[in-house]
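Dear colleague,

Please find below the structure I am handing over to you. My notes on it follow directly after.

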Amino acid sequence: MKNVITTTLLVILAVAVVLLSEDLKEQEARIEDLVEKHNAHLSFSEAQMDILIDFKKDIEGIVEYLLEKRSFVSYR
């Protein structure tokens, strides 16, 4: 009787390990997907920042040009 209980417990433990292993694999796949999405978002954000920096430089150039021409524009 003792062997039956031990065997049953070992079977339950083995099934639990297999189920947890599958769940862990799913979680790892989700984490990898989230990391890829995060990296793509960072790349997009960096591209947007580069565009904004270029716009800022363009605006500064226009302001400098207008100031050289003694326009009424004041640069702050």
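**Overall form**

The chain has a radius of gyration of 31 Å, whereas a compact globule of 76 residues would have one near 11 Å; this radius is taken over C-alpha atoms, and the globule rule is 2.2 Å times the number of residues to the power 0.38. The model is predicted: local features need pLDDT of at least 70, side-chain atom pairs count only at pLDDT 80 or more, and totals for chains, interfaces and linings use all residues. Residues are numbered from 1 along each chain as its sequence is written, and side-chain values use heavy atoms, with hydrogens and water left out.

Along its principal axes, the C-alpha trace spans about 100 × 15 × 10 Å. The secondary structure consists of 1 helix and 0 strands, where helices (H or I, at least four residues) and strands (E, at least two) are DSSP runs numbered from the N terminus. Helix α1 covers residues 2-68.

Of the 76 residues, 1% count as buried. Here buried means under 20% relative accessible area, exposed means over 50%, and partly exposed lies in between (1.4 Å probe, protein chains only). The chain exposes about 7400 Å², and carbon and sulfur atoms supply 65% of that area; accessible areas come from the Shrake-Rupley method with a 1.4 Å probe, and for residues only the protein chains shown count as cover.

**Charges and salt bridges**

The chain carries 9 positive and 14 negative side chains, and the centres of the two sets lie 7 Å apart. Lys and Arg count as positive and Asp and Glu as negative, while His and the chain ends are not counted; the place of a charge is NZ of Lys, CZ of Arg, CG of Asp or CD of Glu.

A salt bridge is a side-chain nitrogen of Lys or Arg within 4 Å of a carboxyl oxygen of Asp or Glu, and the count by this rule is 3.

- K25 and E22 meet at 3.8 Å, N to O. They are 3 residues apart in helix α1 and so separated by about one helical turn. K25 is partly exposed at 48% relative accessibility, and E22 is partly exposed at 41%.
- D33 pairs with K37, with the closest N and O atoms 3.4 Å apart. Both residues lie in helix α1, 4 residues apart, about one turn of the helix. D33 is partly exposed at 34%, whereas K37 counts as exposed at 53%.
- E60 pairs with K56, with 3.6 Å between the closest N and O atoms. These two are 4 residues apart in helix α1, and therefore separated by about one helical turn. E60 is partly exposed at 24%, and K56 is exposed at 53%.

**Surface patches**

Patches are made of residues with over 30% relative accessible area and no salt bridge: like charges are joined within 9 Å, and nonpolar side chains (Val, Leu, Ile, Met, Phe, Trp, Tyr) within 5 Å.

Which residues gather in a patch of negative charge on the surface? They are E46, D50, D54 and D58. E46 lies in helix α1 and counts as exposed, at 52% relative accessibility.

A nonpolar surface patch of about 590 Å² is made by M49, I51, L52, I53, F55 and I59. M49 belongs to helix α1 and is partly exposed, with a relative accessible area of 47%.

With kind regards
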